[in-house]
Amino acid sequence: MEQARRVRAQKAEAAGAAAPEQGNLHHRKAGAKKDQDRAKDRDGVLIRAPAKAVAKDKLRALMNNNKWASERTKRMPASMFSIMDAAIDEARQKRLELIDLSIGSSDLPAPEAAMKVLRRATRLSETHGYCLHACTQPLRNAATVQLNKRYSINLDPEKNIITLIGSQEGFGHLLFAVTDPGDQVLAPDPGYPSYFGATSVAGLKQVVMPLLEENMFLPDLTAIPSETAENARAMIISYPNNPTAAVAPAAFLQEAIDFCLSYDILLIHDFPYVDMVYGDYKAPSVLAQPGGIDIAVELYSCSKSYHMGGFRIGWAAGNQDAVQALARVKGAIDFNQYFGIQQAAIAAITQPRAATLKAAALFETRRNVLVDTLNKSGWQTSLPQASMYVWTRLPSGLTDSFDFTVNLAKETGVCLAPGRGFGKRGEGFVRFALVREPDALVEAVKKIFNFL
């Protein structure tokens with residue numbers, strides 16, 4: 001009898017671990033409290049996350065109990081957006097008005113010219129089949145013409161350009177194409193979260209390049225030990241930057257190119273915010289600098305420039321060997337994006353540049369309103385020159401970005417991205433995404449200060 005009770009208890013415990021939504025309510029509440037108390041990120045910083053099964057230790061536990069999860073999957077850091085989503089859901093259940101500034105998804109419509117082409121393509125049955133590499137030639141040609149004209153360079157659409165199912169997909173597959181498990185990659189901290197996840201999935205060792213406020217959020221390449229550089233396979237940079245909204249002068253890009261050339265490191269420049277620039281600022285390309293095409297790959301996307309995030313379309317440009325290696329990986333994994341979406345991308349990138357600048361000016365107005373409102377409220381914030389974000393320190397007296405943003409979302413419906421979600425050195429900051437109209441941004445600041 002006693003043995004039977006122990007077996008039943010063990011089975012119940014196992015079932016509870018596999019399905020945390022089941023079981024006694026008291027035990028679920030107690031478990032949630034323990035999860036909240038223990039919720040730590042991969043660097044051990046305490047996060048007072050919601051008492052739902054989304055805290056990082058809970059997500060990690062779910063993976064550890066998943067018999068089909070590979071070791072590389074278990075090593076992946078938990079998504080900041082999953083944690084914020086739970087807080088947003090709680091605000092929604094309270095029927096709070098949501099002002100979600102946590103995700104950089106443009107709220108503007110895709111160009112009508114692109115939509116017109118896409119609608120026409122869907123009615124043509126010949127566009128409904130697989131799209132092999134040759135099918136991507138029109139988009140590769142259009143992207144090549146645009147880049148060669150814009151930066152006075154000489155790319156070849158057959159050698160230097162490959163289409164992507166979004167730049168994030170391209171980045172992940174590029175790592176598989178140019179690295180081997182155990183290789184070292186130099187990556188920014190803070191940085192876009194997929195950098196951490198993709199390097200982990202590829203089985204790479206990430207060596208952090210700190211992006212510090214006192215250095216204008218540019219990595220100090222002189223601080224990288226020569227031994228580390230000699231063992232590095234790739235370096236990741238992104239300017240205009242996400243999350244810091246920092247920009248890099250051409251001189252820094254040249255420094256990065258020279259550094260990578262001297263140590264034979266592939267320079268990966270994530271460049272989705274090339275057109276999200278303000279005033280007279282123009283974002284420089286690594287491919288336009290001496291030696292850039294010899295050592296770098298640049299990732300482009302229609303998500304930000306043309307507000308086509310859901311269409312998942314972009315392209316990589318640069319070093320021939322790296323691009324061809326990426327093409328080989330993609331050839332084994334996907335059949336490229338739907339031809340109609342590729343045609344829509346062509347329509348978008350060949351429209352007059354004035355349309356792109358007009359959209360950027362709208363985000364610039366939002367930037368001005370938000371920063372002005374924050375500063376007038378006593379929250380000192382600088383004006384970024386580019387990107388669709390405002391990156392600023394936490395209000396005075398606060399130190400935990402997860403604690404602040406999670407509770408802010410749950411209590412007010414205003415959702416910001418915690419700086420800690422972008423890496424250890426993002427702690428102490430929050431990121432606003434300029435994805436709502438000016439009145440909503442002003443209302444968000446008002447609600448934040450009422451919350452404080």
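A residue is called buried when its relative accessible area is under 20%, exposed when over 50%, and partly exposed in between. Keep that handy for this predicted model, because Tyr263, with a relative accessible area of 26%, lands in the partly exposed group.

So what about the rings? Searching the whole structure turns up 14 aromatic pairs. One of them joins Tyr192 and Tyr195, and this pair is edge-to-face. Another brings us back to Tyr263: its partner is Phe259, and that pair is tilted. Here are the two pairs, listed by their geometry.

| Pair | Centre to centre | Angle between planes | Type |
|---|---|---|---|
| Tyr192 and Tyr195 | 5.9 Å | 80 degrees | edge-to-face |
| Phe259 and Tyr263 | 5.0 Å | 45 degrees | tilted |

How many residues apart are Phe259 and Tyr263 in helix H11? They are four residues apart in that helix, which covers residues 250-263, so about one helical turn separates them.

Which residues do ring pairs link into a cluster? Phe217, Trp391, Phe422 and Phe429 are the ones linked that way.

Arg366 places its charged end over the ring of Phe363, and the distance to the ring centre is 5.1 Å.

Conventions: Residues numbered from 1 in each chain as written. Predicted model: local features only at pLDDT ≥ 70, side-chain atom pairs only at ≥ 80, totals over all residues. Heavy atoms only, no water. Phe/Tyr/Trp six-rings, centres within 6.5 Å; stacked < 30°, edge-to-face > 60°. Helix = DSSP H or I, 4+ residues; strand = E, 2+ residues; numbered from the N terminus. Buried < 20%, exposed > 50% of the residue type's maximum accessible area, 1.4 Å probe, protein only. Lys NZ or Arg CZ within 6 Å of the ring centre and 35° of its normal.
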